Amino acid sequence: LLGTQDYARIRMGIGNDFSRGGQIDFVLGKLSDEEMEQMPGICGRVIEGVKAFATIGADRAMNIVNTRQKTAEKA
């Protein structure tokens with residue numbers, strides 16, 4: 001409808017550590033108890049990312065959200 005690809009998007013990934021077609025089962029499957037426990041933190045990060053995207057722009061929001069994720073994964 002816009003006639004262009006020149007606009008900011010919010011994209012989320014699930015990684016690529018899956019066998020062929022495994023992404024489908026992961027996305028459509030039921031969450032484990034451990035994954036359910038992690039959901040409040042994940043949702044919080046998503047909310048903060050959307051707020052940052054809307055207030056400070058896509059580039060700065062990406063840097064903040066992706067940096068926090070890497071820091072959290074190392075802990």
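Helices (H or I, at least four residues) and strands (E, at least two) are DSSP runs, numbered from the N terminus. The structure described here is a predicted model, in which local features need pLDDT of at least 70 and side-chain atom pairs count only at pLDDT 80 or more, while totals for chains, interfaces and linings use all residues. Residues are numbered from 1 along each chain as its sequence is written, and side-chain values use heavy atoms, with hydrogens and water left out.

The chain contains three helices and zero strands, giving the pattern α-α-α along the sequence. Of the 75 residues in the chain, 5% are buried (buried means under 20% relative accessible area, exposed over 50%, and partly exposed in between, with a 1.4 Å probe and protein chains only).

One salt bridge is present, defined as a side-chain nitrogen of Lys or Arg within 4 Å of a carboxyl oxygen of Asp or Glu. It joins the side chains of Lys 51 and Glu 48, at 3.7 Å from N to O. Lys 51 and Glu 48 are about one helical turn apart, because three residues separate their positions in helix H2. Lys 51 is partly exposed, at 47% relative accessible area, and Glu 48 is also partly exposed, at 39%.

The structure has one aromatic pair. Rings of Phe, Tyr and Trp (its six-membered ring) pair if their centres lie within 6.5 Å; planes under 30 degrees apart count as stacked, over 60 as edge-to-face and the rest as tilted. The ring centres of Phe 18 and Phe 26 are 5.1 Å apart and the planes stand at 55 degrees, so this pair is tilted. Phe 18 is partly exposed, with 27% relative accessible area, and Phe 26 is partly exposed at 38%. Elsewhere, Arg 9 sits over the face of Tyr 7, 4.5 Å from the ring centre (the criterion is NZ of Lys or CZ of Arg within 6 Å of the ring centre and within 35 degrees of the ring normal).

A pocket is an open set of points on a 1 Å grid over the protein atoms alone, where a 1.4 Å probe fits, with protein on both sides within 12 Å along at least five of seven lines; lining residues have an atom within 4 Å of a point. The largest pocket has a volume of about 1,100 Å³, volume being the space filled by probe spheres set on the points, which are joined across faces, edges and corners. Its lining comprises 25 residues, with Arg 11, Met 12, Gly 13, Ile 42 and Val 46 nearest the centre. Helix H1 (22–28), helix H2 (33–56) and helix H3 (58–74) each give two or more residues to this lining, and H2 supplies the largest share, nine residues.
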